[in-house]
Amino acid sequence: MERAVWPTLALYGAAALAEIAGCFAFWAWARLDRSLWWTLPGVASLCLFAWLLTRADADFAGRAYAAYGGVYIAASLLWLWLVEGARPDRGDAAGALLCLAGAAIILAGPRAG
């Protein structure tokens, strides 16, 4: 069965944004001395992340999570740049591209059986 790769990647992108935003809310509270109230939208965002990831077009959760990992890494580096203001370096970019290639292989690769 052929998978719809682009819609799944878009879903992974939305899930990554929700996960990173949720985790960053806790980071801000614990490490940046922000109010405990930051954790409330963080929890909501993490719940949205979990729900979005269940929408992935995959027969097995582990495979969906593995492919998502590459997208998460690339999205985290975009967050680093766009939200935190630290530009990723060439090593970051190379690592992210390698992870995205791995995610594409996992997501679109042929399956036995």
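Tutor: Let us start with accessibility: a residue is called buried under 20% relative accessible area, exposed over 50%, and partly exposed in between, using a 1.4 Å probe and protein chains only. Also keep in mind that this is a predicted model, where local features need pLDDT of at least 70, side-chain atom pairs count only at pLDDT 80 or more, and totals for chains, interfaces and linings use all residues. Residues are numbered from 1 along each chain as its sequence is written, and side-chain values use heavy atoms, with hydrogens and water left out.

Student: Why does Asp-33 count as exposed?

Tutor: Because its relative accessibility is 72%, Asp-33 falls in the exposed class. Asp-33 sits in the loop between α1 and α2; helices here are DSSP runs (H or I, at least four residues), numbered from the N terminus.

Student: What is phi like in Asp-33?

Tutor: Most residues other than glycine have a negative phi. In Asp-33, phi is near 60 degrees, a positive value in a residue other than glycine.

Student: And where is Arg-55 found?

Tutor: Arg-55 is in the loop between α2 (39-54) and α3. It counts as partly exposed because its relative accessibility is 48%.

Student: How do α1 and α3 cross?

Tutor: Axes are lines fitted to C-alpha atoms, for helices over the stretch in contact, and angles run from 0 to 180 degrees between N-to-C directions. Under 35 degrees counts as roughly parallel, over 145 as roughly antiparallel, 65 to 115 as roughly perpendicular, and the rest as oblique. The axes of α1 and α3 come within 8 Å and cross at roughly 60 degrees, so the two helices are oblique to each other.

Student: At what angle do α3 and α4 pack?

Tutor: α3 and α4 (residues 90-108) pack at about 155 degrees, with axes 8 Å apart. They are therefore roughly antiparallel to each other.

Student: Which residues line the second largest pocket?

Tutor: A pocket, on a 1 Å grid over the protein atoms alone, is an open set of points where a 1.4 Å probe fits, with protein on both sides within 12 Å along at least five of seven lines; lining residues have an atom within 4 Å of a point. Here the lining includes Ile-20, Trp-27, Tyr-72 and Glu-84. α3 gives the most, with 5 residues, and α1 (5-31) and α3 (61-82) each supply at least two.
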